Amino acid sequence: MIGGRFLGQNRRSAAPRLDLSHNIILYLEGISVSFDGFKALNDLNLYIEAGELRCIIGPNGAGKTTMMDVITGKTRPDTGSAWFGQTVDLLSLSEPEIATAGIGRKFQKPTIFPNHTTFENLELAMAGDKAVWKVLFARISSEQADRIDSVLRTIGLSDKRNVLAGSLSHGQKQWLEIGMLLMQSPELLLVDEPVAGMTPQETERTAELLVSLSGTHSVVVVEHDMAFVRSIARTVTVLHQGSVLAEGSMDQVQNDPKVIEVYLGD
Amino acid sequence: MIVRKLLLSDRGSQLFFAVLLATTVLVPLLNAVVPDGSMLHLPNYSVALIGKYMTYALMAISVDLIWGYCGILSLGHTAFFALGGYAMGMYLMRQIGTRGVYGDPVLPDFMVFLNWKELPWFWQGMDHFGFAMLMVVVAPGLLAWLFGWFAFRSRVTGVYLSIITQALTYALLLAFFRNEMGFGGNNGLTDFKDLLGFDLQAQHTRIGLFLATAIALALSYAACRYIIGSRLGRVVEAVRDAESRTRFIGYKVENVKLWLWTFSAVIAGVAGALYVPQVGIINPGEFAPINSIEVVVWVAVGGRGTLYGAALGALLVNYAKTYFTAALPEVWLYALGALFVGVTLFLPQGIVGLITKLARNRTTS
């Protein structure tokens, strides 16, 4: 059993094997977070299936970003539980431990390392032992270099390999950040407003990229752009005042009277 | 292989090693081989002065490592310098033996003066050179590790961290001023006689200390360059540029900072230990916050995030200081302040940044 784990193809050494036996990768149950009396999340319940592409929409202040913060360990909820697969209790782990366990996060504002090249950005994000001593003596193997180059192709930045990331365009930075997520070999990708500030062509390419990632990864996208959500979503969750208002296909959700009321006002 | 990579890594480092090598060869030659009457003869005090400057360069490199590369602005780094210096000073005090004013074989003069009957526990073993040298590294390293463990774990950053570092060195300043602490109070430790049996005033001892400083500088520089060139170096810069991103891709940022911070403090401690025998005294004034700020000015003037820029800045500013404090003593502090303001406003990358910019303009035009 243990031997199997070490001999298996999955070489993410530090991460415990993710148990997806019930086909659910993420459980959020009864999560509440309040900041100075303001309830950012209020008894939130959310389940994400393995390999699913889920879009989360909701008006400003609905708690979308706070939810991401809870999943990635940045914010601790007042009550509730968060499980990654059947066995990983997210509330007991720190941010780097959650990242190593297999959850990657893309921020709303593209955050890349501006003074490193595109290649180096991906190198830093690469899955592996990230302890100080290991990193001090780390060398890139040719397999790892190949892997970085293949991710560069996936995100369409092969020709920017040795360019400082700070000089990339806004859209390219967004892709680079998605590429950095891929280098972590995560099971679950959390993507916060990936197309904000993108041109229509860039938006279209991003949609293709995210759709191609689902299946092998579970992807959760928070987005304001309805046209974009419509183009990629299979299941949409609407958040409102910190809890789930509606869930279903885009058409179901758009025709839901509660959703119409929230979005159009009463 | 590694040596070649280090030497060929960049123009500035090549220049640094070339200048260091030339100095290391020339200074002893001009001092010991060239006869006394000659124009080219270097007096003994100049050897000690250049040695002192080199300990400053070492100090500047230690600050540049954490400030230039990791974005941690320490305004209390001379605390580690002074601790290393005190460890060396304690060894040198124990070597005086019966040659002190009171002639006590064990107790240093100030303890006899305070009517102490026996050596405090923390002075035990300091008469062994090896143990004392261990303390040169352990005392600053341990303090840095403890301080960093609390500060980085609670995610204190930026200006707040700078203020705490300043408070740290100020607290040590006050503590070391007290006679009861057992470090000689405001007089500090002085009247050193010899080191490993060699007379500190003798020419060959001075040259030996100078060479030891040169070797420490070269090794520390190479070690810093190796760290910066490794993947860890890229992580360190990533922490500086986007700390939370680094955390979310799985690095334990506080461990990275703690490790680099402690290493930097150890270098500062070694610099202090080499400083003390060449200057002949260590007193609590070394803990003064202004000293730490001066180091930051050296690094800013030279150009931070380059290592060799820090060394250059340390030499230039201290040369200016030696000149000013002799010619126009009352002007020096104003000049230092003006220098810092001027560099911050007009030369954010320091002198090194200016030179590279000029060189680039020349090649493009």
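This is a predicted model: local features need pLDDT of at least 70, side-chain atom pairs count only at pLDDT 80 or more; totals for chains, interfaces and linings use all residues.
Most residues other than glycine have a negative phi. Asp36(A), which is not a glycine, has instead a positive phi, near 50°. A residue counts as exposed when 12 or fewer other C-beta atoms lie within 10 Å of its own; Asp36(A) counts as exposed because it has 4 C-beta neighbours inside 10 Å.

The description now turns to the sheet of chain A. Six strands form an open sheet in the order E6-E7-E8-E3-E9-E10, and their pairing is mixed. The edges are taken by strand E6 (103-106) and strand E10 (243-248) of chain A; each has a single partner strand, so one side of each is left without a neighbour in the sheet. From one strand to the next, the twist averages 20°.

Within this sheet, strand E9 (residues 235-240) of chain A may be followed through its two pairings. With strand E3 (residues 53-57) of chain A, the pairing of E9(A) is parallel and extends over four bridges. With E10(A), by contrast, E9(A) pairs in the antiparallel sense, over five bridges. Here His240(A) stands opposite Ser243(A) of E10(A). E9(A) and E10(A) form a hairpin in which two residues lie between the strands. Gln241(A), in the turn of that hairpin, has a positive phi of about 50°. How far is E9(A) enclosed by the rest of the structure? Five of its six residues are buried, so the strand is largely enclosed.

Helices of chain A accompany the sheet in this account. Helix H7 (residues 170-183) of chain A is mostly covered, with 13 of its 14 residues buried. Its length can be checked against expectation: at 1.5 Å a residue, 14 residues should span 20 Å, and the end C-alpha atoms of H7(A) are 20 Å apart, which agrees. After H7(A) comes Ser185(A), whose phi is positive, near 45°.

Chain B may be considered next. Its secondary structure comes to 15 helices and four strands. For 365 residues the globule rule gives a radius of gyration of 21 Å, and the value for chain B is 21 Å, close to that figure, so chain B is as compact as a globular protein of that length. The C-alpha trace of chain B spans about 70 × 55 × 50 Å along its principal axes. Of the 365 residues of this chain, 43% count as buried. Among contacts in chain B between residues at least 6 apart in sequence, 77% join residues at least 24 apart.

Two packed helices are described by the angle between their axes and the distance between the axes. In chain B, the axes of helix H13 (residues 308-327) and helix H15 (residues 350-364) come within 8 Å and cross at roughly 115°. H13(B) contributes Gly309(B), Leu312(B) and Gly313(B) to the contact, and H15(B) contributes Gly350(B), Ile351(B) and Val352(B). By class, the contact of these two helices has three nonpolar, three polar and no charged residues.

A loop of chain B also holds a residue with a positive phi. Arg155(B) lies in the loop between helix H6 (129-153) and helix H7 (158-177) of chain B. Although Arg155(B) is not a glycine, its phi is positive, about 55°. Is Arg155(B) buried or partly exposed? With 13 other C-beta atoms within 10 Å, Arg155(B) is partly exposed.

Finally, the two chains meet. The contact takes 21 residues from chain A and 20 residues from chain B. On the side of chain A that touches chain B, the elements giving two or more residues are helix H3 (95-101), helix H4 (118-125) and helix H5 (132-136) of chain A. H3(A) gives the most to this side, with four residues. By class, the side of chain A that touches chain B has 11 nonpolar, six polar and four charged residues.

Conventions. Residues are numbered from 1 along each chain as its sequence is written. Chains are lettered from A and ligands numbered from 1 in the order in which they are written. Two residues are in contact if their C-beta atoms, placed from the backbone, lie within 7 Å. Ala, Val, Leu, Ile, Met, Phe, Trp, Tyr, Cys and Pro count as nonpolar, Asp, Glu, Lys and Arg as charged, and the others, Gly among them, as polar. The radius of gyration is taken over C-alpha atoms; the globule rule is 2.2 Å times the number of residues to the power 0.38. A residue is buried if 20 or more other C-beta atoms lie within 10 Å of its own, exposed if 12 or fewer, and partly exposed in between; C-beta atoms are placed from the backbone. Axes are lines fitted to C-alpha atoms, for helices over the stretch in contact, and angles run from 0 to 180 degrees between N-to-C directions. The expected span of a helix is 1.5 Å times one less than its number of residues. Two strands pair if DSSP finds at least two bridges between them.
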